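Dear colleague,

I am passing on the structure we spoke about, and below it you will find my notes on what turned up in it. Please read them alongside the model.

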Amino acid sequence: MTAVDDRPDTAAGEVGRARLRKEDQRLITGRTRWTDNLQLPGMLHIAMVRSPVAHATIAGIDTEAARQAPGVVAVLTGADVRDGQGAVANAWPITTDQKTPAHLPFAIDRVACAGEIVAAVVARTAAAARDAAELVDVDYDELPAVLDAKEAVSDAVLAHPDLGTNTSAVWTLDSAQGGTGGDVDEAIEKARADGIVIEREYRQQRLIPSFMEPRSTVVDPTGEQVTVWTSTQVPHILRFLIAATTGMPESKVRVIAPDVGGGFGGKLQTTAEEFVTLAVARHVGKPVKYTETRSESLVSGHHGRDQYQTLTLAATKEGKVTALKVDLVANLGAYVGLVGGGVPVLGAWMFNAIYKFDAYRFTVRTVLTNTTWVDAYRGAGRPEATYAIERLMDELAAEVGVDPLEIRERNWITHDEFPFTSVAGMTYDSGNYEAATARAVELFDYEALRREQQERRDRNDPVQLGIGVSTFTEMCGLAPSRVLGTLNYGAGGWEHASIRMLPTGKVEVITGTSPHGQGHVTAWSQIAADRLGVPFEDVEVLHGDTQIAPRGLDTYGSRSLVVGGEAVVRAADKVVAKAKLVAAHLLEASVDDLEFSGGRFTVKGTDKGIGITEVAAAQFTSHNLAEGMESGIDADATFDPESFSFPHGTHLCAVEVDTETGQVRMRKYVCVDDVGQIVNPLIVEGQVHGGLVQGIAQALWEEAVFDDNGTLVTGSFVDYTLPTAADTISFVTDNTTSPSTTNTLGTKGVGEAGAIASTPAVVNAVVDALRPMGVHDIQMPCTPERVWRAIRSAGNEPASASTPEAQPHFDDGAPNSAPADPSSSASAEGAGQ
């Protein structure tokens, strides 16, 4: 029996209903409580002194001038709190011989990247602390720095000289060795002799997670326990690591994640800033607060992506893929983050995507450099994999001479083949790629846009139309604990929930997940309301406080609903089972004769019944319980899935590319996602929209850039192009539904979907527009300069000289097919003078 057999009837219930979020009233009216809003009596403030150089030994730190500054209470360095500062942990050593440099919150003798903390100034106000931090004089003896992942492989310059190498680990997944497929080298050689071999290198540029709320931490050491408020995705993991690395008992550490303004993986860490704030608070014995500036966030919060991807795809002459070989060099930055080493490994199971072929090998070399450390960023390994395979499938389509949709259909897993075990060894639970693609094609008006594209090409229009295709799947619901154990991951994949039935008729749901904008309170209320038959409004959801919700593994990787939501279901079912025994006693009926529906127990064939909230009240008084019956119908449940779930979708993008300027403008974007059973369509819609913008931003705008000295030159939003709503267009979204078979809700996860699929869709569209001009790749982000250079590098001349009849560019998405208006050209020239 699968979980599908126990799926609840949601025909008229809360699940599937487009509820406005309970959280919105606070979150969008400024009535919420961010960490930086906290004010405690006698609280002091911290400013961090950070290294401006990428690699250096610390010859000395002169703090005297800062100590004398107005309002300053203390200036601390690593030497002052050496034994009590804890350590920033790596929880996922991907090999037994992985090189993991020690990562202390305060750098003491050497800094390995710009932005490392070398001292902390504690003052009565934040402004006084920042002013005094400028007076700390640090004497650096600069060392050679290695910044690029490929250069790091040679070990010519070492990021950490004591390690003797920059290679942290080498990890391989081979279908021949794992018994899930054939020998990849043999398949590639066969294709070289009688087929097609496509070899490409793609660059996943470095990105910077940019959440709405900068990171902030408040620590109060003055009570019976140390209380830490922090803007984190992982309060439970942080509590554990504080205890594990400082020696404090877990019972003496309380971590609270108040309202948290976004994360995207950027708050999936235990950060140096949190440990420094903790160490300072314990040292001075008073509450302290640290809130980073936006510039600090960009330079010292962890970064994402940063891979070189070398790929070899083998196929028959008809375009049937036979093998794929993937070689990655992944830049970890200066340190191995909490899950940083494992992020590229997560992609190992997704490079094969929705396709079935016989041979596969994935190898990743993770390397250390003197750059900001790299860790999980929205999708964590899966966007990187999807980008590579979807770019390759377009290349294969061009080689075979068929439409990109056709080449995908020739290779994808058909809906009647699920469950399907991929060449990478993952068993996909359910899916229907045909249905999602057919719906996307319909909404996109695919054929009409292809006709327009051909018309533009025929008349050599300087504004070419490109159409990008991206189909994807991802693994969500991280994860089965036994699988994580085989990967040497430092935690399990279970999630916990408790349900308290209060005598007032209200219901409290306590969840181990910790939201940062996803709408857990609303979705969990909908689930509990359906399962218990109580009003949606009567459900309260508590989270994000290790004292209130002591068990949990937090929120990341689209695991919350799939694992945590299912835990709520199971806790609710336990409540009903307990309540049924009490109801039978109160109704003087046999348990076997009771039915439960709509929150009410009834005796079969009669009108006798009692509501579950009445049972809860009877339990509270305990005036009439059966002999020996234990009072209480509250229940706990822990859910550990047997496998992942695999959402999928088809994304289609149309862009207009100005071949004279390199400017790319979005024309139309359609996506049809299959995320299984949807609990709240409004939340899903919001998640998809946000993900789309993040993925499109990687394709067109965002890139973290260091200069030759290791200084982040994109250290502000002036230089790091973060998009706004004005930079995008209205998206067309829809869903198909293939319920997951790994949980009773049938949900699959949606948090990363938009970010995974949209990047290759956009880049495929840009390349598609320019392929007739000899352009086969453009490195992300596809800025106007890069697009322009790609066009010129392919030997093309400006098109405008031969096409004076061209329409004005980018007329708000209107097809550029009407005859030219000479006055428009004249006006444009005039405007440009």
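Aspartate 194, at 48% relative accessibility, counts as partly exposed, where buried means under 20% relative accessible area, exposed means over 50% and partly exposed covers what lies in between, with a 1.4 Å probe and protein chains only. Its side chain meets that of lysine 317 in a salt bridge, with 3.5 Å from N to O; the term stands for a side-chain nitrogen of Lys or Arg within 4 Å of a carboxyl oxygen of Asp or Glu. The pair links distant parts of the chain, 123 residues apart, with aspartate 194 in helix H6 (residues 184-194) and lysine 317 in the loop between strand E13 (304-315) and strand E14 (321-333); helices (H or I, at least four residues) and strands (E, at least two) are DSSP runs, numbered from the N terminus. Lysine 317 is exposed, with a relative accessible area of 51%.

Before going further, please note that this is a predicted model, in which local features need pLDDT of at least 70 and side-chain atom pairs count only at pLDDT 80 or more, while totals for chains, interfaces and linings use all residues. Residues are numbered from 1 along each chain as its sequence is written, and side-chain values use heavy atoms, with hydrogens and water left out.

Glutamate 292 and arginine 215 meet through their side chains at 2.7 Å, N to O.

Aspartate 538 lies in the loop between helix H16 (520-532) and strand E21 (539-542) and lysine 506 in the loop between strand E19 (495-501) and strand E20 (507-511), so the pair ties together parts that are 32 residues apart in sequence. Aspartate 538 counts as buried at 18% relative accessibility, whereas lysine 506 is partly exposed, with a relative accessible area of 37%.

Turning to the aromatic residues, the count comes to eleven aromatic pairs, under the rule that rings of Phe, Tyr and Trp (its six-membered ring) pair if their centres lie within 6.5 Å, with planes under 30 degrees apart counted as stacked, over 60 as edge-to-face and the rest as tilted. The rings of tryptophan 171 and tryptophan 349 have their centres 5.7 Å apart and their planes at 65°, so this pair is edge-to-face. Tryptophan 171 lies in strand E7 (residues 167-174) and tryptophan 349 in the loop between helix H10 (343-346) and strand E15 (359-368), so the pair ties together parts that are 178 residues apart in sequence. Tryptophan 171 is buried, with a relative accessible area of 13%, as is tryptophan 349, with 9%. The rings of phenylalanine 418 and tyrosine 433 have their centres 5.6 Å apart and their planes at 80°, so they too form an edge-to-face pair. Phenylalanine 418 and tyrosine 433 are both buried. Ring pairs also link Trp171, Trp349, Phe351 and Phe362 into a cluster.

Some backbone features may be worth checking by eye. Phenylalanine 418 is joined to proline 419 by a cis peptide bond, with omega about -5°, and the bond from methionine 780 to proline 781 is likewise cis, with omega near -10°. Proline 781 is found in the loop between helix H20 (753-770) and helix H21 (784-793). Alanine 353 has a positive phi near 55° although it is a residue other than glycine; this alanine 353 is found in the loop between H10 and E15 and is buried, with a relative accessible area of 3%.
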